[in-house]
Amino acid sequence: MISRLFGSLEERVPAGAPEVAVVTLIDEQDMSKEYIRKIQDNRRYYARRHGYATFFPNVTDYNFGESPRSWALVPALRHALTAFPHTPYFFALSPHALIMNPSIDLRAHILDKKKLEALMLKDKPVVPPDSVIKTFGNLQGDRVDLILTQDGEGLCQGSFILKRGDWAKFFLDTWFDPLYRSYNFQKAEGHALEHIVQWHPTILAKLAMIPQHLLNSYSVDIASRGGKDVMYKDGEFVVRLVGCELDQNRNCEKEMETYYEKWKHGVEKKTWKN
């Protein structure tokens, strides 16, 4: 069992099985049908270009007790592992985000072993600015099972990649532990993620942190999260409307419209080369 947790088992992907599943959790109670349609169109277009799959579970599919609805992300990923039993990678992307450059293939952009090793932020405090717990300095790309980014406040669970395997199941089960859900963390599953990464060496040992702009650019200038330095720039992979669903002065659907229209224009004009 130890070897299965600490070693990445390479499995041959059967012919026809998608190498990546894009997982976006939908909340039909809080999102309009039009908003959901746009999100799904965006993911499906990207997936078709690269032979990937899409998965759109609904928040109400899962039982998370009295915990905030955002916790549904964790069992949704567990569900995805079952729904796509031969898919090696799962790209978890917030519904309040758009893939803006669909020509970027995750395999070449991030997942390639040598590419990932070149991108990893090593000996980096897990929680900025000065956490004593830091990312590993000698982790090899083929030993990584969790790829995520960090902003000025901490780890980002709005856009990350999880590799299939026994470790992924262990990670998700640990993250969703009822004890952590009972803690009432200020940022719910986000703070729980930071907690387990810092205090479970088995999880830290499989984590690769990469530059934020590769996977998680922001649409707004929030000083505490990195300000203008982490805002979306033309050509980047993803734009995320970070925090729009939590701020009563913001409207996710209105904020997404500009980016959606830009993406749609690119699709119609065939801006991106195959």
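Trainee: Which residue is the bridge partner of T149 in β6?

Mentor: The bridge partner of T149 in β6 is C156. Please keep in mind that this is a predicted model.

Trainee: What makes β5 and β6 paired strands?

Mentor: Strand β5 (residues 146-150) and β6 are joined by four bridges in the antiparallel sense. Pairing requires at least two bridges, so the term applies. The two strands form a hairpin, with four residues between them.

Trainee: How many bridges pair β3 with β6, and in which sense?

Mentor: Strand β3 (residues 89-93) pairs with β6 over five bridges, in the antiparallel sense. Within β6, K163 stands opposite Y89.

Trainee: Why is strand β6 called largely enclosed?

Mentor: Nine of the nine residues of β6 (residues 155-163) are buried, so the rest of the structure largely encloses this strand.

Trainee: In what order do the six strands form their sheet?

Mentor: The order is β2-β1-β3-β6-β5-β7, in an open sheet with mixed pairing. β2 (53-55) and β7 (207-209) each have a single partner strand, so they stand at the edges, one side of each being left without a neighbour in the sheet. On average, neighbouring strands of this sheet are turned by 25° against each other, direction ignored.

Trainee: What joins β5 to β7?

Mentor: Three bridges join β5 to β7, and the two run parallel. I147 stands opposite A208 in β7.

Trainee: Which strands does helix α2 lie across, and which does helix α6 lie across?

Mentor: Helix α2 (residues 33-50) lies across β1 (20-23), β2 and β3, at about 155° to β2. Helix α6 (residues 166-175) lies across β5 and β6, at about 150° to β6.

Trainee: Which strands form the three-strand sheet?

Mentor: That open sheet has the order β4-β9-β8, with mixed pairing. β4 and β8 (217-218) are its edge strands, each pairing on one side only. β8 and strand β9 (residues 238-240) run parallel and are joined by two bridges; at least two are needed, so this pair meets the criterion. S217 has V239 as its bridge partner in β9. Helix α10 (residues 252-268) packs on the sheet, where it touches β4 and β9, and its direction makes about 10° with that of β4.

Trainee: How do you know whether L98 is buried or exposed?

Mentor: L98 has 1% relative accessibility. Buried means under 20%, so L98 counts as buried. L98 is found in strand β4 (residues 97-99). Leaving aside neighbours within four places in sequence, the contacts of L98 include F237, V238, V239 and M256.

Trainee: Which residues touch the most other members of the largest nonpolar core?

Mentor: They are W71, F160, F171 and W175, in a core of 43 residues. Helix α3 (residues 73-83) gives the most to this core, with six residues. Apart from it lies another core of 27 residues, among them Y52, F91, L119 and I161.

Trainee: What makes K113 and E117 a salt bridge?

Mentor: Their side chains meet at 2.9 Å, N to O. The limit is 4 Å, so the term holds. K113 and E117 are four residues apart in helix α5 (residues 113-119), so about one helical turn separates them.

Trainee: What is the N to O distance for the side chains of E153 and R225?

Mentor: It is 3.9 Å for E153 and R225, which lies within the 4 Å limit, so this pair also counts as a salt bridge. The pair links distant parts of the chain: E153 is in the loop between β5 and β6, R225 is in the loop between β8 and β9, and 72 residues separate them. R225 has a relative accessible area of 18% and is therefore buried, while E153, at 29%, counts as partly exposed.

How values were computed. Residues are numbered from 1 along each chain as its sequence is written. This is a predicted model: local features need pLDDT of at least 70, side-chain atom pairs count only at pLDDT 80 or more; totals for chains, interfaces and linings use all residues. Side-chain values use heavy atoms; hydrogens and water are left out. Buried means under 20% relative accessible area, exposed over 50%, partly exposed in between (1.4 Å probe, protein chains only). Contact means heavy atoms within 4.5 Å. Axes are lines fitted to C-alpha atoms, for helices over the stretch in contact, and angles run from 0 to 180 degrees between N-to-C directions. A nonpolar core is a set of buried Ala, Val, Leu, Ile, Met, Phe, Trp, Tyr and Cys residues joined through side-chain atoms within 4.5 Å.
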